[in-house]
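This report looks at charged side-chain pairs and at one helix packing. The structure comes first.

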Amino acid sequence: MYHGIINVYKEAGFTSHDVVAKLRGICKQKKIGHTGTLDPDAVGVLPVCLGNGTKLCDMLTDRTKEYVARLRLGIVTDTQDISGTVLQENKVEVSPEEVRKVISAFVGNSMQIPPMYSALKVNGQKLYELARQGREVEREARPITIYALEILEEAHPEYTIRVECSKGTYIRTLCHDIGQKLGCGGVMAHLERTRVGEFRVEQAYTLEQLQQYADQGRLFEAVVPVDQMFEKLPALTVKEHAMKALKNGNQLAWTELEPCEGRSLPEKIADGSQYRVYGSQHIFYGVYEYRKERRMFCPVKMFLPQQESKD
């Protein structure tokens, strides 16, 4: 069984669930989950978690994301992208200079109303299911942050933009809102997700490549180990006499730990500081946090090692 994350390049025509279904066949295991939906027409980075790595799904969903999108002005559709039903076609009378000014104004914190064609639920029903029934319901605006927004290519009235944003940002809606601000309307004509957290498009694998790796017995080469997601945290090793406590996910005392690098623990450890914790043979067990009031290291997130997996 594989444990970790694979950086998948989702191709057009596949839903995120399709990717997971395909990977279950490639990896020959059921315990797989993706970290954020991409529209069927969109392409790009889709980190997929395997085995005990599925505990990372929520964490990866919260990561900042980067997209390259093509904005086409003068069109409004019901889906806010080029595949939808055209509701309006307008003459684009704004200048490229005005477009640049409006686009730059979207950088920063704002409130965004999610599109009807999205997987968000209202009263237990997905919005896109309601939209397909011809129904539109009120949606609450949600806070988003656009960290960076630049124009990569101008072919007025079409613009290729790069967007770095927080979770929950809909690029379709961003394109729509830019068009509304300009008074001519706008749609997303193409979308590629180029980064999710530390996972970049340059290192992503297509499903075909992953199948080839599996056929060659090399699929493990594409799996990012779980502990790599916490590599910025200092590492500690549990002493042999405390291994039972570690395997049970219990809190640990100073005397039961030692730094992996062979150094001694500092006399003072900051309250709330977190550590990667390993057992014997440098097997990763989880993330622990030091609690000053208890003078103990307490588990934050545990990952059952592969050798002890019951799947």
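Five residues, Glu 66, Glu 150, Arg 162, Glu 164 and Arg 195, are joined in a network of salt bridges. The model is a predicted one. Across the whole structure, a search finds 13 salt bridges. Side chains of opposite charge can pair when their charged atoms come close.

**Pairs around Arg 162**

Start with Arg 162 and Glu 66. They form a salt bridge, with the closest N and O atoms 2.7 Å apart. Arg 162 sits in strand β11 (residues 158-165) and Glu 66 in strand β4 (residues 65-73), so this pair ties together parts that are 96 residues apart in sequence. Are the two partners buried or exposed? Arg 162 has a relative accessible area of 18%, so it counts as buried, the cut-off being under 20%. Glu 66 is buried too, at 14% relative accessibility.

Arg 162 has another partner, Glu 150. Their side chains meet in a salt bridge at 2.6 Å, N to O. This pair links distant parts of the chain: Glu 150 belongs to strand β10 (residues 142-155) and Arg 162 to strand β11, 12 residues apart. Glu 150 is partly exposed, with a relative accessibility of 35%.

**A pair at Arg 291**

Arg 291 forms a salt bridge with Glu 289, and the closest N and O atoms are 3.0 Å apart. Arg 291 is partly exposed at 23% relative accessibility. Glu 289 is buried at 17%.

| Salt bridge | N to O distance |
|---|---|
| Arg 162 with Glu 66 | 2.7 Å |
| Arg 162 with Glu 150 | 2.6 Å |
| Arg 291 with Glu 289 | 3.0 Å |

**Packing of α1 and α6**

Now the helices. Two packed helices are described by the angle between their axes and the distance between the axes. Helix α1 (residues 16-27) packs with helix α6 (residues 207-215) at an angle of about 10°. Their axes are 10 Å apart. Angles under 35 degrees count as roughly parallel, so α1 and α6 are roughly parallel to each other.

Which residues of α1 and α6 meet? On the α1 side they are Val 19, Lys 22, Leu 23 and Ile 26. On the α6 side they are Leu 207, Leu 210, Gln 211 and Ala 214. The residues of this contact divide into six nonpolar, one polar and one charged.

Key:
Residues are numbered from 1 along each chain as its sequence is written. This is a predicted model: local features need pLDDT of at least 70, side-chain atom pairs count only at pLDDT 80 or more; totals for chains, interfaces and linings use all residues. Side-chain values use heavy atoms; hydrogens and water are left out. A salt bridge is a side-chain nitrogen of Lys or Arg within 4 Å of a carboxyl oxygen of Asp or Glu. Helices (H or I, at least four residues) and strands (E, at least two) are DSSP runs, numbered from the N terminus. Buried means under 20% relative accessible area, exposed over 50%, partly exposed in between (1.4 Å probe, protein chains only). Axes are lines fitted to C-alpha atoms, for helices over the stretch in contact, and angles run from 0 to 180 degrees between N-to-C directions. Angles under 35 degrees count as roughly parallel, over 145 as roughly antiparallel, 65 to 115 as roughly perpendicular and the rest as oblique. Contact means heavy atoms within 4.5 Å. Ala, Val, Leu, Ile, Met, Phe, Trp, Tyr, Cys and Pro count as nonpolar, Asp, Glu, Lys and Arg as charged, and the others, Gly among them, as polar.
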